[in-house]
Amino acid sequence: MSADFPPSWYASSLPEPAALPPLRGDVQADVAVLGAGYTGLTAALELAQRGYRVMLLEAQRIGWGASGRNGGQALVGYGCEVDELERQLGRDDARHLFDWSREAVQSMRQRIARHGIDCHWVEGHASVAIRARHERDLRAGCEHLQRHYDYPMQWWERDVLHAQLDSPRYRAAMFDPLSAHLHPLAYARGLADAARAAGVAIHEHSPVTRVQRGAQATLHTAQGSVRAAHLVVAGNALLQGLLPELECRVMPVGTYIGASVPLGAERARQLIRNDMAVADTAWALDYFRLSHDHRLLFGGRASYSALPPPGLRGVMQRRMHEVFPQLADVALEQVWGGYVDITRNRAPHWGRLDGNLYFAQGFSGHGVAAAGLAGEVIAAAIDSQSARLDVFQRLQHAPFPGGRLLRMPLLVAAMSWYKLRDALW
Ligand SMILES: Cc1cc2nc3c(=O)[nH]c(=O)nc-3n(C[C@H](O)[C@H](O)[C@H](O)COP(=O)(O)OP(=O)(O)OC[C@H]3O[C@@H](n4cnc5c(N)ncnc54)[C@H](O)[C@@H]3O)c2cc1C
């Protein structure tokens, strides 16, 4: 593995592709895209398929951001509950947004099949409740989706859940048969291959240092520039001062995952018999699933500073053992992390500035499927079909008060309260 790709089980389970050459010189395109995660790659692919000349600039490597490191849970819905969408947009448009997220998971599945991406897609996801309060809220949410969104969500009492998931920690589950899990870095690289085959020029190791806005907008790097009629900014939590008016509406939060040593097919299958992905509903959630080579991939533990928390591997291991006491002899072989970009209301923040600068951020830890939807919605809007983007753009987002330095302590205080609440009842 090369030193410029962050270590993870994902990276070590795939051969490392040769780096694509950085941008050199000044060039022109129809669309210039910043960021080779799911948002930028899907927008680029969709636009190239519509006949646009697309250039994509990536600061590091394809999938270097959240798209190459995440929990791999491709979920229907968004980071917020549908209540927030209903409160802001009304039931009809909330329903549209929800239905589009449902289609987004299907589009991923179709894209994987169409482009032959080998990324271990497995359907089924359970949201599990630890406490009575979580169970009440989860059940109400499940019934709401069944009744008002015609969604085939299932309610599982303890015995049904325990027949599939061998953990004493959970009381009940909302089972979603359509959400799925996959190898996230393999999917990101497969998308990039598909985009390049469709004609997209991708430059790695090409950090954008300045965004020049206007009719002929330009992305500048240290060694060149791309001038284009349309810009797509898909830098997620990693923009670092390029567009402060967007960045003040998201907070980068560190979150972490570990991969256990291989458990063997039989022992792995005993833990999660139907191979579904699982996430609990606590504020500082745990989420986990099996890998195709029979490891447990276990995520959780947020951090509100730029540094990984001390003793991270031990903390993650203890959490894994609380969920699966039968794995007391099992260690996490690798632990890694990345940033999620949360908005204050956890709703997605997608839209357009100046008429030709498109952006999507604020996935709030729920972007594996939604980021691909953002790419599709932005590509359609550039191609004069902006109806879906217009609905997303109606979602209001308050900025985090103060600059980056003040945002952190405020969030830490808020998170400590929610963690305390989870611990008490
Ligand atoms: C540890 C972790 C676990 C997660 N688990 C899940 C999960 O299980 N399910 C789920 O739905 N979501 C999950 N998420 C969130 C999900 O991964 C993201 O919402 C999604 O990948 C965002 O995709 P993106 O393309 O918008 O951003 P990213 O994948 O972050 O891509 C942004 C890219 O832009 C590049 N970039 C930034 N600035 C510049 C610049 N100046 N010039 C050029 N390039 C630039 C970056 O290098 C990066 O490659 C998780 C996130 C993390 C970090």
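A residue counts as buried here if 20 or more other C-beta atoms, placed from the backbone, lie within 10 Å of its own, as exposed if 12 or fewer do, and as partly exposed in between. This is a predicted model, in which local features need pLDDT of at least 70, side-chain atom pairs count only at pLDDT 80 or more, and totals for chains, interfaces and linings use all residues. Residues are numbered from 1 along each chain as its sequence is written.

**View 1. Helix α11 is mostly covered.** Helices (H or I, at least four residues) and strands (E, at least two) are DSSP runs, numbered from the N terminus. Helix α11 takes in residues 370-382 and reaches 18 Å from first to last C-alpha, close to the 18 Å expected at 1.5 Å a residue (1.5 Å times one less than the number of residues). Of its 13 residues, 12 are buried, among them Leu373, Glu376, Val377 and Ile382.

**View 2. The ligand sits among 42 surrounding residues.** Gly35, Gly37, Gly65, Gly71 and Gly367 are the closest. Elements giving two or more residues to this shell are α2 (38-49), β11 (251-260) and β15 (332-342), and β15 provides the largest share, with 4 residues. Sorted by class, the shell holds 20 nonpolar, 20 polar and 2 charged residues; Ala, Val, Leu, Ile, Met, Phe, Trp, Tyr, Cys and Pro count as nonpolar, Asp, Glu, Lys and Arg as charged, and the others, Gly among them, as polar.

**View 3. Strands β11 and β15 run antiparallel.** The two pair over 10 bridges, where pairing requires at least two bridges found by DSSP. Look for Gly254, which stands opposite Tyr339 in β15. In β11, 9 of the 10 residues are buried.

**View 4. Thr218 lies in strand β9.** The strand covers residues 217-221. Thr218 counts as partly exposed because it has 18 C-beta neighbours inside 10 Å. Leaving aside residues up to four places away in sequence, Thr218 touches Gln212, Ser225, Val226 and Arg227 (contact means C-beta atoms, placed from the backbone, within 7 Å).

**View 5. Residues 415-425 have pLDDT under 50.** pLDDT is the predictor's confidence in each residue, from 0 to 100. The chain averages 93, and 92% of the residues score at least 70. Where pLDDT is low, the predicted coordinates should not be read in detail.

How values were computed:
Two residues are in contact if their C-beta atoms, placed from the backbone, lie within 7 Å. A residue is near a molecule or strand if its C-beta atom, placed from the backbone, lies within 6 Å of it.
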